[in-house]
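Me: I have a structure to go through and would like to ask about it piece by piece. Could you take the questions as they come?

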Amino acid sequence: MIPTFENPLYQLHEMQNAGLTPLHMMAEAGKVLYRNPLLPFNYTPAGRQAAAASELIERLTRTYGKPQFGIKSTEVSGKQVAVKEEVVDVRPFCRLLHFVRDTKVQSPKLLIVAPMSGHHATLLRGTVEAMLPFADVYITDWLDARNVPVFAGKFDLEDYITYVMDFIRLLGPVHLMAVCQPSVPVFAAAALMNAAKDPLSPLSMTLIGGPIDTREAPTEVNTKAKEHPGVWFENRVISRVPFNYPGFARRVYPGFVQLFSFISMNLERHIDSHRQFFENLVQGDDEGADAHKKFYDEYLSVIDLPAEFYLQTLDVVFQRHLLPKGEMTYLGKKVDPKAINKTAMLCLEGEFDDISGVGQTRAAMKLTTGLPASKKKYHMEPKVGHYGIFNGRKFRQNVVPIIVDFMKEHGK
């Protein structure tokens with residue numbers, strides 16, 4: 001039986017991509033033509049503009065594939081050591097990656113739970129690089145739902161929590177780090193394991209810019225999530241994967257929809273960035289152009305989310321706020337924040353965060369009444385936005401030392 005595509009959004013997107021293919025091919029050819037050193041025209045202002053325009057159009061019409069972490073080395077105890085990626089575990093919707101350092105220096109195990117929010121785990125490349133000198137790092141590499149066959153089954157918020165708990169038990173005594181969206185499922189996993197007196201309950205969890213309680217300082221993202229009921233979002237942004245992908249007919253929240261939402265929030269900034277990119281190409285500013293490419297190669301590479309996960313997260317986290325209300329459940333069991341009495345907790349926020357407002361992560365401090373004050377810490381990094389709290393210079397210089405000291409303090 002051929003499935004009914006109740007929402008043609010994905011199919012229209014694929015048709016648009018197909019329609020842009022000739023333009024993309026022409027732009028690709030232009031990049032080669034107008035950078036040929038044997039053509040005198042290419043040394044003129046008009047030639048440089050033609051080359052820049054070709055490259056800009058080629059990038060704007062490109063379908064971006066999954067980036068690689070590409071971390072080859074790090075410094076441990078003052079020495080450069082090689083790093084290689086190993087796949088520790090594979091699930092239908094996730095690979096657990098291990099960044100193996102070529103050293104005998106023992107470091108605490110750190111499981112970084114990457115967000116499943118439209119981008120690949122490589123968005124946290126800078127986070128991984130900054131933590132590698134101090135920790136034995138693992139990360140959840142969530143798979144693109146459009147590549148997961150329908151027979152692999154569903155994946156929702158409860159499955160996410162299951163994956164996190166399974167990975168914790170697989171790795172043994174481990175510290176957790178949740179960046180943004182996974183703060184809620186990571187918090188829930190810790191609560192459930194603490195409640196069960198699981199001997200492998202995480203040693204600590206670091207929650208970074210996460211939506212523990214989005215009623216605190218709601219941002220534009222939070223407000224839009226409450227403007228309409230869940231069925232409105234289901235009818236308008238949920239679509240089925242087209243036939244040319246392994247996940248054909250799976251219901252997903254397409255990554256391109258999420259990307260469009262983020263871009264529209266800061267449209268002028270993105271337009272200005274591309275205008276500056278064009279000028280850098282014309283002027284021969286390779287450093288500026290390369291910085292633009294590096295950022296947008298990552299930013300424009302997106303993944304589809306399973307519809308069940310997206311809709312359940314929307315309902316539980318952003319619309320009904322079940323965790324801070326004490327009403328969240330997992331497979332029929334209550335997720336009780338007060339049950340957390342063993343796992344130490346560090347909450348980190350950025351002063352200018354426009355995704356998870358200041359106070360949304362800090363809310364976890366009030367919920368964990370069973371956790372001694374000596375096992376809780378809060379830090380707000382001044383003058384950084386959402387990405388600056390887990391990436392960039394201030395993260396490396398100011399935030400990483402706090403995380404490392406916290407893990408050392410609560411490592412047993």
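**Helices, core and loops**

Reply: To begin, this is a predicted model. The buried residues of α14 are covered by elements that include the strands β4 (109-113), β6 (175-179), β7 (204-208), β13 (344-350) and β14 (376-381), together with the helix α3 (125-131).

Me: Which residues of α14 are buried?

Reply: In α14, the buried residues are Phe 395, Val 399, Val 400, Ile 402, Ile 403, Val 404, Phe 406 and Met 407.

Me: And where does α14 bend?

Reply: The bend is at Val 399 and amounts to about 40°. A proline, Pro 401, follows within four residues.

Me: What span should α14 have, and what are its end C-alpha atoms apart?

Reply: Helix α14 covers residues 393-409, and its 17 residues should span 24 Å at 1.5 Å a residue. The end C-alpha atoms are 24 Å apart, which agrees.

Me: Which residues is Ile 389 in contact with?

Reply: Leaving aside neighbours within four places in sequence, Ile 389 is in contact with Ile 208, Leu 348, Glu 349, Gly 350, Glu 381, Val 384, Phe 395 and Val 399. Of these, Phe 395 and Val 399 are buried residues of α14. Ile 389 also lies 7.3 Å from Gly 209, C-alpha to C-alpha, although the two are 180 residues apart in sequence.

Me: Change of topic: α5. How many of its residues are buried?

Reply: The count is 12 of 13, so α5 is largely enclosed by the rest of the structure. Among the buried ones are Val 184, Pro 185, Phe 187, Leu 192 and Met 193, as well as Ala 188, Ala 189, Ala 190 and Ala 191.

Me: How far does α5 reach?

Reply: Helix α5 (residues 183-195) reaches 18 Å from its first C-alpha to its last, close to the 18 Å expected. Just after α5, Lys 197 takes a positive phi of about 55°.

Me: Which residues have the most contacts inside the largest nonpolar core?

Reply: They are Leu 111, Ile 139, Phe 187, Leu 207 and Met 328, in a core of 112 residues. Phe 187 is one of the buried residues of α5.

Me: What is Leu 207 in contact with?

Reply: Setting aside neighbours within four places in sequence, Leu 207 is in contact with Ser 183, Val 186 and Phe 187, among others. Its contacts also include Ala 178, Ile 212, Thr 361 and Ala 364, along with Met 345, Leu 346, Cys 347 and Leu 348. There is also a second, separate core of six residues, which includes Ala 52, Leu 56, Val 282 and Ala 289.

Me: Why would nonpolar residues gather like that?

Reply: In soluble globular proteins, nonpolar side chains tend to be buried together.

Me: Glu 58 next: buried or exposed?

Reply: Glu 58 counts as buried because its relative accessibility is 3%, where the cut-off is under 20%. Glu 58 is in helix α2 (residues 45-60). Not counting residues up to four places away in sequence, Glu 58 touches His 24, Ala 27, Glu 28 and Lys 31.

Me: And Thr 74, where does that lie?

Reply: Thr 74 lies in strand β1 (residues 73-76) and is buried, with a relative accessible area of 7%. Beyond its neighbours within four places in sequence, the contacts of Thr 74 include Lys 79, Gln 80, Arg 101, Glu 129 and Pro 133.

Me: What about Ser 77: buried or exposed?

Reply: Ser 77 is exposed, at a relative accessible area of 61%. This residue is found in the loop between β1 and β2 (79-91), and its phi is near 55°, a positive value in a residue other than glycine.

Me: Where is Leu 331?

Reply: Leu 331 is in the loop between β11 (329-330) and β12 (333-334). Leu 331 has a positive phi near 50° and is exposed, with a relative accessible area of 58%.

Me: Finally, the whole chain. How many helices and strands?

Reply: The protein chain has 14 helices and 14 strands. Its radius of gyration is 23 Å, close to the 22 Å that the globule rule gives for 412 residues, so the chain is as compact as a globular protein of that length. Of the 412 residues, 53% count as buried.

Key:
Residues are numbered from 1 along each chain as its sequence is written. This is a predicted model: local features need pLDDT of at least 70, side-chain atom pairs count only at pLDDT 80 or more; totals for chains, interfaces and linings use all residues. Side-chain values use heavy atoms; hydrogens and water are left out. Helices (H or I, at least four residues) and strands (E, at least two) are DSSP runs, numbered from the N terminus. The expected span of a helix is 1.5 Å times one less than its number of residues. Buried means under 20% relative accessible area, exposed over 50%, partly exposed in between (1.4 Å probe, protein chains only). A nonpolar core is a set of buried Ala, Val, Leu, Ile, Met, Phe, Trp, Tyr and Cys residues joined through side-chain atoms within 4.5 Å. Contact means heavy atoms within 4.5 Å. The bend at a residue is the angle between axes fitted to the seven residues ending there and the seven starting there. The radius of gyration is taken over C-alpha atoms; the globule rule is 2.2 Å times the number of residues to the power 0.38.
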